[in-house]
Amino acid sequence: MISLAGRDILHSWGKFVLTGIGLGLLIGATLTMAGVYRGMVDDAQVLLTNSGADIWVVQKDTQGPYAEASNIRDDVYRSVLGLPGVAQAANVTYLTMQVLHGARESRSMVVGFEPGQPGEPTYLVAGRRLLRGHYEAIADVKAGFRLGERIRIRRHDYEVVGLTQRTVSSGGDPMVFIPLKDAQEAQFLKDNDAIIADRARTAANPSLNRPGVPGLLDAVNAAQTVNHSVNAVLVKVGAGSTAESVAQEIRRWKHLQAYTRVQMEEILVAKLIATSAKQIAMFLAILTVVSAAIVAFIIYTMTLGKIREIAVLKLIGTRNRSIAGMILQQALGLGLIGFIVGKIAATLWAPAFPKYVLLESGDALRAFVVVMLVCTLASTLAIRAALKVDPAEAIGG
Amino acid sequence: MDAGIHIEGLSKRYGAGDTAVDALKEVNMSIAPGEVVGLVGPSGSGKTTLLKCLGAVIEPTRGRMTLGGEVIYDSEQGGWKTKDLRALRRDRIGFIFQAPYLIPFLDVTDNVALLPMLAGRANGVSRARAQELLQALDVAHRAKAQPSELSGGEQQRVSIARALANQPPVILADEPTAPLDSQRALAVMRILNQMASQYQTAIIVVTHDEKIIPIFKRIYHIRDGRTVEEAGEGRQIS
């Protein structure tokens, strides 16, 4: 038996393929939206993996350091190190800011870390690790910096000595790694005018500038210009201990908040990007409905254009199910072309997006099933119209 | 009459009560196998209704119809003799329309072969039958062409081939020469006469076309739902 759907598609393949491409671009946008969500989740997981920590110790009653501000003393890590089961503990700071390079600015997350400790970038794609104690930086390639380039963070210039990859914040901003002391200064220190104003206020305070107590004022000023805060302590758990048991110890004895990897993932995925995920889900729902409406409209108008032929086919003895099959196959064919075009389009344009777009095969498979279901549903309107056609319409009068 | 078309007391009423319209009133008609008969009448006289009843697309109100020696409808015995009117149309009736209405996405061969295929015949057998008919109708050289590539006359010949594809005992032709010029109209009539004689098919040709009316040996005039039989000129087509 002749495939009526196949012949019809071949007969008007130009119109069919163009329509499929149009639908495909819409499906491509849908796949990309799903990819944006997957990318956000992956960014969050990569952020946690790159930190190399098993536990994040942060300020009590906060969900820092990525979801909320957290401020703890930089000597906390020593007491954490003393707890059983802790193999390594290191201070880190995180600050999202505009980093200047030349005349341009790049929005980056500046990370302060101690070399050889958790928080250090795990691998470099170019250059070397930090060797000097100050003013060297390692940047994610996405920041657009080149090796040897000088970038400005607050009041100091840093030389980019290494490049890393896939180290981004939960917001998708590339990371710039600098020595912890520099990062503390960049994050917590006041500008020169504020320091001068503070010193003037201190000098005017008779209790801090007592006559006959030499060195008191200098000591107070020195204390005001040095900062001992960090955002978090990253902990690596030793063999034989579990992250949860060590985290419980930290919570109980140190009056700090400690999150394990699982808890931190929960904070990042379920809380930090929850609103974005809902936003994307809404877009996905709207795009699915729009795709369904477009397929329904196209198949319906294509069917209406063939009413006379359908009447003739019915008059000469074609079964209703053959006619319904023809329309259904055309809808599915349109969906197949649309899906292929959409998948190719999404794969081609995903790297051009500023944030990471992760196109997963599972999502593609699910999208394929949804597209086929949507096309099947969308064809029912046209099938209904075709089945209503009276074969008598083929005979004049 | 055993074969061909035989109609007795066929009536068709549309609507009911005060708004009822009797489109056909006690129509009687007999057409022998191999005979081509004209059905002539003004607009609204009941030609199309008669064709639709004969084509098993609308149900008569009363009467009896026999196609190819088989009673297909008898109001005295419960109406249609088969529930599968689709199969009845496919196997026992050929249709030729005013416009050819070829399926635009099938080539000439498949337009003709589709009917035997729908009847369950193998693709090869169906295409061979199509080739045979296209040969007989002198359009075999356009077998692979799309309908849009054919002239009006060629399209009508392909539609005749399609009507003959399942060797039906009856062909209903609804103004088959209307869109054609005199020469092509006469050519189509020559073919219909030839096919009727060759395949022993009874053909009813509904027409307004003055050019072809003298060709029929018998003509049924239909007016206000009633038919009157009349001898035609039976003029030879030169």
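This is a predicted model: local features need pLDDT of at least 70, side-chain atom pairs count only at pLDDT 80 or more; totals for chains, interfaces and linings use all residues.
**Before you start**

Residues count from 1 along each chain as its sequence is written, and chains are lettered from A in the order in which they are written. Local features need pLDDT of at least 70, side-chain atom pairs count only at pLDDT 80 or more, and totals for chains, interfaces and linings use all residues.

**Stop 1: the whole of chain B**

Select chain B. It has six helices and eleven strands. Helices (H or I, at least four residues) and strands (E, at least two) are DSSP runs, numbered from the N terminus. The C-alpha atoms of chain B fill a box of roughly 55 × 40 × 35 Å along the principal axes. Its radius of gyration is 18 Å, which agrees with the value near 18 Å for a compact globule of 238 residues. That radius is taken over C-alpha atoms, and the globule rule is 2.2 Å times the number of residues to the power 0.38.

Of the 238 residues in chain B, 51% are buried. Buried means that 20 or more other C-beta atoms, placed from the backbone, lie within 10 Å of the residue's own. Residues are in contact if their C-beta atoms, placed from the backbone, lie within 7 Å. Among contacts in chain B between residues at least 6 apart in sequence, 68% join residues at least 24 apart.

**Stop 2: helix 1**

Select residues 47–54 of chain B. Eight of the eight residues of this helix are buried. Among them are B:Lys47, B:Cys53 and B:Leu54. Step just past the helix to B:Ala56, which takes a positive phi of about 60°.

**Stop 3: helix 2**

Select residues 85–92 of chain B. B:Leu88, B:Arg89 and B:Arg90 are buried here. What covers them? The cover includes helix 10 (307–315) of chain A, with strand 5 (70–74), strand 7 (93–96) and helix 3 (108–118) of chain B.

**Stop 4: the side facing chain A**

Show both chains. The contact takes 25 residues from chain B and 20 residues from chain A. On the chain B side, helix 1, helix 2 and helix 3 each supply at least two residues. Helix 3 gives the largest share, five residues.

**Stop 5: helix 3 against helix 5**

Helix 3 and helix 5 of chain B pack at an angle of about 25°, with their axes 7 Å apart. Axes are lines fitted to C-alpha atoms over the stretch in contact, and angles run from 0 to 180 degrees between N-to-C directions. The two helices are therefore roughly parallel (angles under 35 degrees count as such). On the helix 3 side, the contact is made by B:Val108, B:Asn111, B:Val112 and B:Leu115; on the helix 5 side, by B:Val158, B:Ala161 and B:Arg162.

**Stop 6: helix 5 against helix 6**

Pick out the contact residues, including B:Gly152, B:Gln156 and B:Ile160 of helix 5 and B:Arg184, B:Val188 and B:Tyr199 of helix 6.

**Stop 7: B:Met189**

Is B:Met189 buried or exposed? It is buried, because 24 other C-beta atoms lie within 10 Å. B:Met189 and B:Val37 are 152 residues apart in sequence, and their C-alpha atoms are 11 Å apart in space.

Conventions. A residue is buried if 20 or more other C-beta atoms lie within 10 Å of its own, exposed if 12 or fewer, and partly exposed in between; C-beta atoms are placed from the backbone. Two residues are in contact if their C-beta atoms, placed from the backbone, lie within 7 Å. Angles under 35 degrees count as roughly parallel, over 145 as roughly antiparallel, 65 to 115 as roughly perpendicular and the rest as oblique.
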